[in-house]
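I opened the model to look up a ligand site, a metal site and a sheet. My entries follow.

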Amino acid sequence: MRKKFFEQMLLIRLFEEKIEELFTQGILFGTTHACIGQEAVAVGITQAMNEGDIITSNHRGHGHFIASTDDVDGLMAELMGKATGICAGRSGSQHLCKGDFYANGITGGMTAVATGMALAEKLKKSERIVISFFGDGALGEGVLYESLNMASLWKLPIVYVLENNYYAMSTHISCGVAGSMIDRAKAFGIEAQELNTNDVEVIYSSFEKIADGVRKQSRPHFLVINTYRQCGHSKSDDCNYRTREEEIGWKDKDPLTILGARLDKDVKNSIREKCASRIESAVEKASKADFPKIDSIYEGLFQ
Amino acid sequence: MITYAQSISQALDYKLKKDKNVILLGEDVCDPYGGAFKITKGLSTKYPDQVINTPMSEWALTGLAAGLAMRGIRPILEIMFGDFLTLCADQLINHATKFGWMYKGKVTVPMVIRTPMGGRRGYGPTHSQTLEKLFLGIPGLKIIAPSHFHDPGEQLIKAIEDNDPVLFIENKVLYTREIDELENGHIFDYSARKSKDEYETIILSNNDFKEHQVTVLTYGGMLPWVTVALNELLLEDEVTSEIIVPSYINKASMPEILESVEKTGRLVIVEEGTLFNGWGAEMAAQVINDGFELLESPVKRVAAKNVPIANTKILEDAVLPQVVDIKKAVEEVLK
Ligand SMILES: Cc1ncc(C[n+]2csc(CCOP(=O)(O)OP(=O)(O)O)c2C)c(N)n1
Ligand SMILES: [Mg+2]
């Protein structure tokens with residue numbers, strides 16, 4: 001377990017670092033939101049899910065995606081805009097979809113879609129639960145509260161996972177979020193919990209219990225995890241809205257450092273080699289792949 | 001004979017009975033209330049597991065419907081008044097209609113939003129508008145707005161069975177009208193035929209499809225006003241006309257329009273929404289692009305004035321298009 005967690009977190013970290021590099025080299029085009037520093041959330045939660053559980057994600061979804069699908073090749077090709085990408089270049093970084101994983105780039109918007117998915121699974125009497133990831137910025141969007149209200153009324157099997165990284169773009173939560181985060185969910189009669197950690201093992205074991213309760217009792221849960229985005233919001237962010245001291249303070253709480261302290265150096269080195277070579281090979285394959293055909297734009301759309 | 005409202009209710013009943021994956025949700029849709037316009041009355045009693053009363057949350061409900069649809073359910077969401085579609089806009093435009101395409105066909109989103117639209121009932125500025133025009137240019141969204149000469153229930157069944165998101169517009173003034181159906185080449189007093197599309201366009205003639213002086217294009221709740229205007233013109237001035245009435249109003253191409261204009265050379269477009277940037281503007285542009293040389297006079301558009309819809313009848317009537325406006329437009333193109 002421990003090795004696997006480390007491997008997945010490192011795979012995500014190296015992936016995000018490679019993406020930054022490719023942007024600098026002009027190989028990638030557009031924008032992207034890396035999750036450097038937040039890998040423990042993605043890995044801890046997705047590893048505690050059952051096969052078939054559903055995930056909705058947001059603009060910062062590479063970590064959620066890699067941790068749950070392990071498809072580095074498909075994601076890399078997608079970001080490069082290639083026909084071999086998971087959505088053939090249509091989705092890019094913010095709108096990933098594969099299997100039971102669905103993301104979109106409208107802040108807070110997927111919380112409603114996720115709630116509908118939880119209702120669908122409940123109507124179908126399936127054992128699946130839905131995990132909906134969003135950030136502290138989504139706390140400003142009304143659609144979240146409409147969704148929480150219905151999830152509570154109808155006892156839907158869904159976990160709302162709020163990744164609080166303290167900032168929505170440049171806006172600190174002290175300027176964007178009034179009152180308490182978890183009390184907002186509690187006001188709807190939803191069980192809520194807050195984790196103040198970047199320790200993937202703590203997140204994993206906490207989430208195992210949460211998922212079990214949500215699945216067995218068919219009810220929603222609201223989980224706040226306080227974490228930190230070490231990188232900029234998107235590729236063009238000089239982080240002038242926060243101090244270097246704050247950033248350094250969080251470096252000590254880096255999820256890879258925390259877990260890494262429990263692993264042998266040799267083990268970590270061999271994991272690093274494996275991850276690095278997977279990413280190199282993903283870049284190589286994606287680089288060689290074709291761009292989608294122009295007349296494919298109409299595919300799947302009625303006129 | 002059944003009314004437009006009964007036709008819709010029967011269609012809902014039929015689909016709820018036949019397909020247990022169909023569910024209906026909305027504000028106040030359950031018995032004993034049965035919906036603000038009583039369309040869903042009785043359905044929650046017959047199908048208690050498939051009809052869900054919801055809180056007033058149009059924004060999240062639209063997303064919720066998309067989520068249901070992506071996971072194998074066929075939701076029909078009732079939005080109490082079409083004016084409230086503004087609250088659905090983000091989930092319709094940035095979510096429901098995007099998923100199928102942007103996820104490269106990995107999902108389908110078979111959802112229907114049904115909503116009563118239009119004025120003439122004294123409901124005032126925020127409960128009387130014709131807002132489907134705001135959604136006309138959204139790729140991936142079908143807007144179906146049947147008239148009472150369509151079989152609205154049949155159109156709704158097709159919408160529920162459709163694998164794409166459908167916005168289904170029910171004009172309020174039509175609810176109490178009896179529906180007239182095509183029989184032996186006739187609907188009511190008209191010679192009539194239907195296009196072969198899935199959502200049919202109806203073509204009506206008051207001269208047995210022989211010669212016509214003018215083509216009138218309209219949809220939904222304006223059809224009764226158009227037929228009155230054209231009847232009067234036939235009786236008063238022997239003006240013959242062909243009326244084209246689509247149900248799928250944002251279909252990419254409607255060849256019936258040019259076919260008719262080829263014969264008449266004159267076109268009047270009638271809609272209940274506001275004139276500026278309206279449905280008629282798009283339809284006129286299409287005709288001018290593809291058949292300018294067929295036109296013997298400029299295309300005329302009849303639509304609501306660019307003013308909110310007042311509560312008092314005298315002002316509501318002044319804002320919405322009336323029979324006299326249609327007659328005047330026809331007379332002008334015939335000059
Ligand atoms: C509805 C909406 N408003 C604004 C944006 C632009 N935007 C993208 S991400 C973002 C900040 C989101 O912050 P948060 O939810 O905390 O997530 P984080 O970026 O911290 O992961 C903003 C303002 C958007 N995508 N959607
Ligand atoms: Mg944030």
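**Ligand 1.** I started with polar contacts, meaning pairs of N or O atoms within 3.5 Å; within protein, one must be able to donate a hydrogen and the other to accept it, and residues adjacent in sequence count only if both atoms are side-chain atoms. H59(A) puts a polar side-chain atom 2.7 Å from an oxygen atom of ligand 1. For D136(A), a polar side-chain atom sits 3.0 Å from a ligand 1 oxygen atom. A138(A) uses a polar backbone atom, 3.4 Å from an oxygen atom of the ligand. On its own, ligand 1 has 580 Å² of accessible area, and the protein covers 75% of that (Shrake-Rupley method, 1.4 Å probe; for residues, only the protein chains shown count as cover).

**Ground rules.** This is a predicted model, in which local features need pLDDT of at least 70 and side-chain atom pairs count only at pLDDT 80 or more, while totals for chains, interfaces and linings use all residues. Residues are numbered from 1 along each chain as its sequence is written, chains are lettered from A and ligands numbered from 1 in the order written, and side-chain values use heavy atoms, without hydrogens and water.

**Magnesium.** Which residues coordinate the magnesium ion (ligand 2)? I found D136(A) (OD), N165(A) (OD1) and Y167(A) (O), at 2.0 to 2.2 Å. Donors are N, O and S atoms within 2.8 Å of the metal (3.2 Å for Na, K and Ca); water is not among the atoms, so sites may look incomplete. The donor spacing in sequence reads D-x28-N-x1-Y. D136(A) lies in the loop between β4 (130–135) and α6 (142–153) of chain A and Y167(A) in strand β6 (residues 167–168) of chain A, so the pair ties together parts 31 residues apart in sequence. Helices (H or I, at least four residues) and strands (E, at least two) are DSSP runs, numbered from the N terminus.

Are these two buried or exposed? D136(A) is buried at 4% relative accessible area, and Y167(A) is buried at 6%. Buried means under 20%, exposed over 50%, partly exposed in between (1.4 Å probe, protein chains only).

**Chain B sheet.** I traced an open, mixed sheet of seven strands, ordered β7-β8-β9-β11-β10-β12-β13. Its edge strands are β7 (186–187) and β13 (300–304) of chain B. Strands pair if DSSP finds at least two bridges between them. β12 (residues 267–274) of chain B runs parallel to β13(B) over four bridges, and T274(B) stands opposite A304(B). β7(B) and β8(B) form a hairpin with two residues between them, and F188(B) in the turn has a positive phi of about 55°.
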